[in-house]
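Please read these notes with the model open beside you. Take the points in order and find each element as it comes up.

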Amino acid sequence: MPTTTIVPDINGLRHEHYNATVTLRRQVHDELVILRVRPDGGVPTYEAGQYTTLGLGYWEPRASGCDDEHLAEALETRLVQRAYSISSPILDEHDRPVRVNELGELEFYVVLIRHGEVRTPALTPRLFALEVGSRLFAGPHPKGHYTLAPVKPDDHVIFLATGTGEAPHNAMLGELLARGHRGRILNVVSVRNECDLGYLPTHRRVESLWPNYRYVPLTTREPRNVDPVHPQFVGKLRLQELITSGQLAEALGRPFDPQSCHVFLCGNPAMVGIPKDEGGQRIYPQPTGVIELLERIGFQADRPGQAGNIHFEKYW
Ligand SMILES: Cc1cc2nc3c(=O)[nH]c(=O)nc-3n(C[C@H](O)[C@H](O)[C@H](O)COP(=O)(O)OP(=O)(O)OC[C@H]3O[C@@H](n4cnc5c(N)ncnc54)[C@H](O)[C@@H]3O)c2cc1C
Ligand SMILES: NC(=O)c1ccc[n+]([C@@H]2O[C@H](COP(=O)([O-])OP(=O)(O)OC[C@H]3O[C@@H](n4cnc5c(N)ncnc54)[C@H](OP(=O)(O)O)[C@@H]3O)[C@@H](O)[C@H]2O)c1
């Protein structure tokens, strides 16, 4: 018996599911992009540091050079959605700090995942095929507890991120600057290579304008990090080493103590190192993450119902 293939009505599906438009696409490099999205109904109210979802239909094309996808028929008309922290340009064209809800658009900072160890990456290969004017789904209700709620005006704020984990910190930074935050703000971002620092010029500009702000980018895979005969060899410096060597405290320029500091950790879950509480014992994962190192010197990570001074968001 002949079989009939039902071809999905792609325009109809887009019309049914999409509620936002891409308004800006700044390609940092082939695998890193800053996207701005305008929701049809306007930007929902949210707090700096929160995330929302982005979604595209499985029917959309994928960027080249990514794992092949073998799609089950049931998925062909469905959306794939993932969580994304809402980032920020930090400063406007007049060097004024940008507050959340002021921009009229949502900014996202996304790395392309070409290969997945556990599953075929579904969304980023499709997000990277978008252009200005493309339509997509944006979750209408940003959420999350990774915000500035616990920070008081004189507290010192330390942002530690890997890769695109700096996105929520950019939104929080704009907000702190706009509020006239009086404590110090130290922002450390660990990336593989210098080209992965998508907001570097803006951070340098903020440093030049706000004396209480310091930006410390760390690379781990440049020749000077990995080639012992390189004339400027410094070795691989990850966030953990920055803490244990005392360089983090030095960069803060103030006592790095739990009474006056809030630490925000975002990105690679192995860097964060979320512990479990089992049988009255705190069990830390291996390899050693930042939470373990900070709790050894008196900081406390947030726990359900118990706010600490280490706040964290893991991306996978
Ligand atoms: C609360 C929250 C906020 C997030 N915010 C961002 C963001 O602002 N920017 C962003 O790029 N991603 C962010 N992510 C990750 C995002 O949700 C997707 O997982 C990611 O974009 C990959 O989607 P995918 O469908 O292509 O692959 P997936 O199948 O979702 O992921 C495949 C694998 O890629 C790796 N991976 C996923 N995300 C990253 C990343 N950001 N950096 C390095 N490796 C990664 C992991 O090994 C993961 O198992 C966030 C995740 C959460 C939970
Ligand atoms: N296993 C995988 O398949 C795998 C793993 C990671 C990333 N990737 C892919 O590579 C692309 C780029 O990712 P990315 O560079 O943005 O993110 P990333 O791999 O998380 O790296 C960002 C920074 O985090 C550092 N880092 C990694 N593990 C850490 C840990 N345990 N503690 C402290 N720091 C740590 C990295 O250092 P190092 O240079 O020392 O790693 C790097 O400086 C993505 O497509 C991602 O999917 C694949």
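This is a predicted model: local features need pLDDT of at least 70, side-chain atom pairs count only at pLDDT 80 or more; totals for chains, interfaces and linings use all residues.

1. The protein has nine helices and 13 strands. Its C-alpha atoms fill a box of roughly 75 × 50 × 40 Å, taken along the principal axes. A compact globule with 316 residues would have a radius of gyration near 20 Å, and the protein has 21 Å, so the two agree.

2. **Two domains.** The domain assignment gives domain 1 (10-138) and domain 2 (156-314). Their C-alpha centres lie 25 Å apart. Keep both ranges in mind, as later points refer back to them.

3. One open sheet has six strands in the order 4-3-6-1-2-5. Its pairing is antiparallel. Which strands stand at the edges? They are strand 4 (79-85) and strand 5 (106-111). Each has a single partner strand, so one side of each is left without a neighbour in the sheet. Neighbouring strands of this sheet are turned by 40° against each other on average, direction ignored.

4. Strand 1 (residues 20-29) and strand 2 (residues 32-39) run antiparallel and are joined by eight bridges. They form a hairpin, with two residues between them. R25 stands opposite L35 in strand 2. L24 has R36 of strand 2 as its bridge partner.

5. **The other partner of strand 1.** Strand 1 also pairs with strand 6, in the antiparallel sense, over two bridges. Here T21 has R135 in strand 6 as its bridge partner.

6. A second open sheet has five strands, ordered 9-8-7-10-13, and its pairing is parallel. Strand 9 (213-219) and strand 13 (310-314) stand at the edges. Each of these has a single partner strand, so one side of each has no neighbour in the sheet. From one strand to the next, the twist averages 10°.

7. **Inside the parallel sheet.** How many bridges join strand 7 to strand 10? There are six, between strand 7 (residues 156-162) and strand 10 (residues 261-267), which run parallel. H156 stands opposite C261 in strand 10.

8. Helix 3 (residues 167-179) lies across strand 7, strand 8 (185-191), strand 10 and strand 13. Helix 3 runs at about 160° to strand 8. Helix 4 (residues 200-209) also packs on the sheet, touching strand 8 and strand 9. The direction of helix 4 makes about 150° with that of strand 9.

9. **Where the domains touch.** 20 residues of domain 1 are in contact with 20 residues of domain 2. On the domain 1 side, strand 1, strand 2 and strand 5 each supply at least two residues. Strand 5 gives the most to this side, with three residues. By class, this side has 13 nonpolar, five polar and two charged residues.

10. **Ligand 1.** Ligand 1 is surrounded by 22 residues. The closest are R82, A83, P121, L123 and T124. Strand 4 and strand 5 are the elements that give two or more residues to this shell. Which strand gives the most? Strand 4 does, with four residues. By class, the shell has 14 nonpolar, five polar and three charged residues. The shell around ligand 1 draws at least three residues from each of domain 1 and domain 2.

11. **Ligand 2.** Ligand 2 also has 22 residues around it. T162, G163, T220, A270 and M271 are the closest. The elements that give two or more residues to this shell are strand 8, helix 6 (239-244) and helix 8 (269-272). By class, the shell around ligand 2 has eight nonpolar, eight polar and six charged residues. This shell, too, draws at least three residues from each of domain 1 and domain 2.

12. **What to take away.** Then turn to the contact between domain 1 and domain 2. Finish with the ligand shells: each domain gives at least three residues to the shell around ligand 1 and at least three to the shell around ligand 2.

Terms used
Residues are numbered from 1 along each chain as its sequence is written. Chains are lettered from A and ligands numbered from 1 in the order in which they are written. Two strands pair if DSSP finds at least two bridges between them. Axes are lines fitted to C-alpha atoms, for helices over the stretch in contact, and angles run from 0 to 180 degrees between N-to-C directions. Two residues are in contact if their C-beta atoms, placed from the backbone, lie within 7 Å. A residue is near a molecule or strand if its C-beta atom, placed from the backbone, lies within 6 Å of it. Ala, Val, Leu, Ile, Met, Phe, Trp, Tyr, Cys and Pro count as nonpolar, Asp, Glu, Lys and Arg as charged, and the others, Gly among them, as polar. Domain bounds come from an automatic or database domain assignment. The radius of gyration is taken over C-alpha atoms; the globule rule is 2.2 Å times the number of residues to the power 0.38.
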